[in-house]
Amino acid sequence: MPQAFADVAVLRKGDPQGNRMILRLTTHGGLTVHAIGVPQDWPSRTGPTWAYLFESDGVTLIDPGAHGSFRELVEGIEQCGYSAKNIDRVIVSHGHSDHDGSVAEMVGTSGADLWTHGMYATLLPYSQWEVQDRSSSPIHTEMNALADAAINHREESTYRRRNQRYNDSKKGLTVDHTVADGETFGDATIIHAPGHSPDELCVTLDGVVFTGDHVLPEITPHPTTKATYRSHIQEIMPAEFADASKSYGLETYMRSLKTVIDLGPTYSILPAHRLYNRNRYNFQTVDRAREVVLHHARRLNQILQRLTNETSGLETVTRGIFEHGKLLGGNLYMALAEIVAHVELLEDLGDLEFTEDKQLRKTGSQNHRQFVAELIG
Ligand SMILES: [Zn+2]
Ligand SMILES: [Zn+2]
């Protein structure tokens, strides 16, 4: 495989996961991209959030990183030879706290313009619980009941407190510019890639695609489950985003993976996590997006295989697929949601149904195979 970059210079060596690491990458086209490993402000297994700094019609920063790590970010920017005030625009790849947690401090300090997708701007004043109506879907009701029964209240209250601080930090924040799919600045092009998050953006520039959490090395990003907006959200949602099925769910996510694959095999990815881990670089091409499609194809198959002779409940299927450690406390919700995302796609494809007595039942068709084949050929 050809070298992903013409040059990789380590400006600061961080820890083995890449926390506090600073890289200066030079593309084959001669573009300089600085990568800053901004640590998380809580124990997270994703590793640092990689913030990227480059010049294309002004200085752009993608993803300021976690709330509580702002000082680390500013220090990193300075080590790259810039000051926060040099930054003209901050692009948030998507509205998750490890990406936009310090965005308010960043735009406040730098005076940079904040660029996000229109969905981000629309949903900005609302916490995640205020957006979706979970009661309208039988399988979501079942998922919530199972997760509630397993909840660890101490873990839950820590999470809620942290989330409250995060939401408070964004009060009064305004988006200066909402971007549309295909929009350009300088030589860069923005792509809307919903699925992991409805507002997910990727940016392409000089043979590189900044993928946010859309495509990550080593780990597979969580797809969203399908969504129904609460009525007050539906009322304020711009017409172009009114159809939630275009922004949420595994089908949406997998179609957005195809968008990245279609850039062509020569594109290198610069992901928001795991650019560096366990003392080694993860320089990969968009072929990683194809691997992620195959991961989900295997999981679709695995779920149907577990239903060989009989029907089975959501909990049984989930516990049969994930190892015990991934099913404890708050992790159970993530595991259930991951399975529900796949079940919803299988239902839409006609391969499975969720019965009135809350059982998953195969229909006998294997339409998922055709669906995957159309994505990756
Ligand atoms: Zn995310
Ligand atoms: Zn993330």
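Q: Leaving aside neighbours within four places in sequence, with which residues is V260 in contact?
A: The structure is a predicted model. In it, V260 belongs to the largest nonpolar core and is among the members that touch the most other members. Leaving aside neighbours within four places in sequence, the contacts of V260 are A193, C202, V209, T211, H214, V215, V286 and A289.

Q: Why does the distance between the end C-alpha atoms of helix α12 agree with its number of residues?
A: Helix α12 covers residues 330-349, which is 20 residues. At 1.5 Å a residue, the helix should span 28 Å.

Q: Which residue follows α12, and what is its phi?
A: Within α12, buried residues include L332, A335, L336 and I339. The helix is followed by a residue whose phi is positive. That residue is G350, and its phi is near 85°.

Q: How does the radius of gyration of the protein chain compare with the globule rule, and what is its value?
A: The protein chain contains 13 helices and 18 strands. For 377 residues the globule rule gives 21 Å, and the chain comes close to this, so it is as compact as a globular protein of that length. The radius of gyration is 21 Å.

Q: Of the contacts between residues at least 6 apart in sequence, what percentage join residues at least 24 apart?
A: The C-alpha atoms of the chain fill a box of roughly 60 × 45 × 40 Å along the principal axes. Of its 377 residues, 43% count as buried. Among contacts between residues at least 6 apart in sequence, the share joining residues at least 24 apart is 66%.

Q: Which strands are the edge strands of the open sheet of 6 strands?
A: The order of the strands in this sheet is β9-β10-β11-β12-β13-β16, and the pairing is mixed. An edge strand here pairs on one side only. The edge strands are β9 and β16.

Q: In β13, which residue is the bridge partner of V209?
A: Strand β12 (residues 208-212) runs parallel to β13, and 4 bridges join them. V209 has its bridge partner in β13, and that partner is I269.

Q: Which residues of β13 point the opposite way from S268 and L270?
A: In a regular strand the side chains alternate between the two faces of the sheet. Strand β13 (residues 268-271) has S268 and L270 pointing one way, and its residues are all buried. Those pointing the other way are I269 and P271.

Q: In β16, which residue is the bridge partner of S268?
A: Strand β16 (residues 284-285) runs antiparallel to β13, and 2 bridges join them. The bridge partner of S268 in β16 is T285.

Q: Is Y276 buried or exposed?
A: Y276 lies in strand β14 (residues 276-277). Leaving aside neighbours within four places in sequence, its contacts are G18, M21, G37, Y281 and N282. The cut-off for burial is 20 or more other C-beta atoms within 10 Å. Y276 has 25 such atoms, so the residue is buried.

Definitions and conventions: Residues numbered from 1 in each chain as written. Chains lettered and ligands numbered in written order. Predicted model: local features only at pLDDT ≥ 70, side-chain atom pairs only at ≥ 80, totals over all residues. Expected span 1.5 Å × (residues − 1). Buried ≥ 20, exposed ≤ 12 C-beta atoms within 10 Å, placed from the backbone. Rg over C-alpha atoms; globule rule 2.2 N^0.38 Å. Contact = placed C-beta atoms within 7 Å. Core = buried A, V, L, I, M, F, W, Y, C linked by C-beta atoms within 7 Å. Pairing = 2+ DSSP bridges.
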